[in-house]
Amino acid sequence: MIFSERASFAGGLNALAIARKNLAASGRNYFDLSMSNPTQVGLTFPQDVLAEALKEGARHGYAPDPHGLEVSRRAIAAHFAGKGVALSPERLFLCASTSEAYSYLFKLLCDPGDAVLVPQPGYPLFDNLAKLECVQAVGYELDYEHPLGWSIDFERLCARLAGDQEGKIKAIVLINPNNPTGSYLDETELEELVALCKEYSLAIIADQVFFDFSIDSSIDPSAPPVNLYGFDQVLTFVLDGFSKRLCLPQVKLGWIYVSGPQEEVDASSRRLEIIADAFLSAGTPIMASAGALLACENEIQTATKARMERVLQIYKQELEGPLSPHRVLRCEGGWTALVQSPAFDDEEVLAIGLLEEKGLYAHPGFFFDMRGGVFFALSLIIEPEDAHRAARRYFEFFDSYCRNA
Ligand SMILES: Cc1ncc(COP(=O)(O)O)c(C=O)c1O
């Protein structure tokens, strides 16, 4: 059988994955410092509310609509109105997850061989999502300056767009805040991006799954995050969903919100209706329970944000200091902190050493296309006691290199 090119992925496990598998097979435990599953770290959505909402939702009859159940879209719009964000239910498209929402948008905007710009460093998921739609994910670089933080390298972005002679690039993906850099888009960057979108006819795909998870103590009040819901200067698609917003990855409800110049919104919506109608992927009981589940948003987000602040503080306490070789990069939001550590060896060798010697599994920077040093991405949603223990072991691991150096 000759399989499709889009489904041809480099086979085999990388050295770190093999080391992890071997460790597990030998029966030794390790701690997963990359953990991003809220259901495994005690950030549990109120189970009684979930059970009751799904029971109620199960009574709802089947009423297929490419936008998703109207009652559900109204509930989402009402919920956002309560937070001061005006949404029109008819501009929402519900689906099973944000990942699926990307696939709808790549179908809408790209022909095979076209490209979308994705942030670098960035979450590796987008490469596969794009490839599965025969789309290329082309990186645009974010630069880091300590302790100021991350910003888009506009010089290189402009050069990349100017070099796209055939106009293959159709959209720019903004992860707001980005995973794993934890950086939000600010007003100045947005202004520059809008000019580029207009010049090169690009749509904005704004992934805001982590938007509400800001580390408030890190936000510069003079450059607050910009929220792209309803942004109307260029065609904009905001992606969001319950997986992060409500710490409910198992519930599977995501959405796209379309905004921009009216004509483009209408043309996009007509096409998205056909794409979404081919799948109708969001389950009725889940859509119908949206309002009841969103009522718990404040409770689950407050607990998660408090956890994130605490864990970030622990990493700083344990890993930073005047004589420490580590630094915790500025993080404004999201569930991950990046730590830069001394380059005693290759990142992968260090990652395997951490696992085998200290029983710590952490994602090295190269997983996210990070360059220029040794970085590890550490979860901000693990239990604080675990963060303490893990950060100490992480420190000890590098300390033993320092002593032998
Ligand atoms: C930035 C970002 N967007 C989207 C997703 C996937 O979200 P969903 O579970 O809704 O597909 C992830 C997963 O971690 C993510 O990091």
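This is a predicted model: local features need pLDDT of at least 70, side-chain atom pairs count only at pLDDT 80 or more; totals for chains, interfaces and linings use all residues.
The residues of α7 that are buried are Glu189, Leu190, Leu193, Val194, Leu196 and Cys197.

Helix α7 covers residues 187-200, 14 residues in total. From its first C-alpha to its last α7 reaches 20 Å, close to the 20 Å expected at 1.5 Å a residue. At the start of the helix, Asp186 places a side-chain oxygen within 3.2 Å of the backbone nitrogen of Thr188. At the other end, α7 is followed by Ser201, which has a positive phi near 50°.

## Cis peptide bonds

Most peptide bonds are trans. A cis bond joins Asn179 and Pro180, with omega about 15°.

Pro147 is found in the loop between β4 (136-145) and β5.

Most residues other than glycine have a negative phi. Cys247 is not a glycine, yet its phi is positive, about 55°. Cys247 sits in the loop between α8 (242-245) and β9 (254-259). Its relative accessibility is 1%, so Cys247 counts as buried, the cut-off being under 20%.

Leu280 also has a positive phi, near 40°, and is a residue other than glycine. The loop that holds Leu280 runs between α9 (262-279) and α10 (284-288). With a relative accessibility of 30%, Leu280 counts as partly exposed.

## Packing of α1 and α13

Helix α1 (residues 15-25) packs with helix α13 (residues 347-358) at an angle of about 10°, and the two axes are 9 Å apart. The helices are therefore roughly parallel to each other, a term applied to angles under 35 degrees.

On the α1 side, the contact is made by Ala15, Leu16, Ala19, Arg20 and Leu23; on the α13 side, by Glu348, Ala351, Ile352, Leu355 and Glu356. Of the residues in this contact, seven are nonpolar and three are charged, with no polar residue.

Key:
Residues are numbered from 1 along each chain as its sequence is written. Side-chain values use heavy atoms; hydrogens and water are left out. Axes are lines fitted to C-alpha atoms, for helices over the stretch in contact, and angles run from 0 to 180 degrees between N-to-C directions. Helices (H or I, at least four residues) and strands (E, at least two) are DSSP runs, numbered from the N terminus. Angles under 35 degrees count as roughly parallel, over 145 as roughly antiparallel, 65 to 115 as roughly perpendicular and the rest as oblique. Contact means heavy atoms within 4.5 Å. Ala, Val, Leu, Ile, Met, Phe, Trp, Tyr, Cys and Pro count as nonpolar, Asp, Glu, Lys and Arg as charged, and the others, Gly among them, as polar. The expected span of a helix is 1.5 Å times one less than its number of residues. Buried means under 20% relative accessible area, exposed over 50%, partly exposed in between (1.4 Å probe, protein chains only). A polar contact is a pair of N or O atoms within 3.5 Å; within protein, one must be able to donate a hydrogen and the other to accept it, and residues adjacent in sequence count only if both atoms are side-chain atoms.
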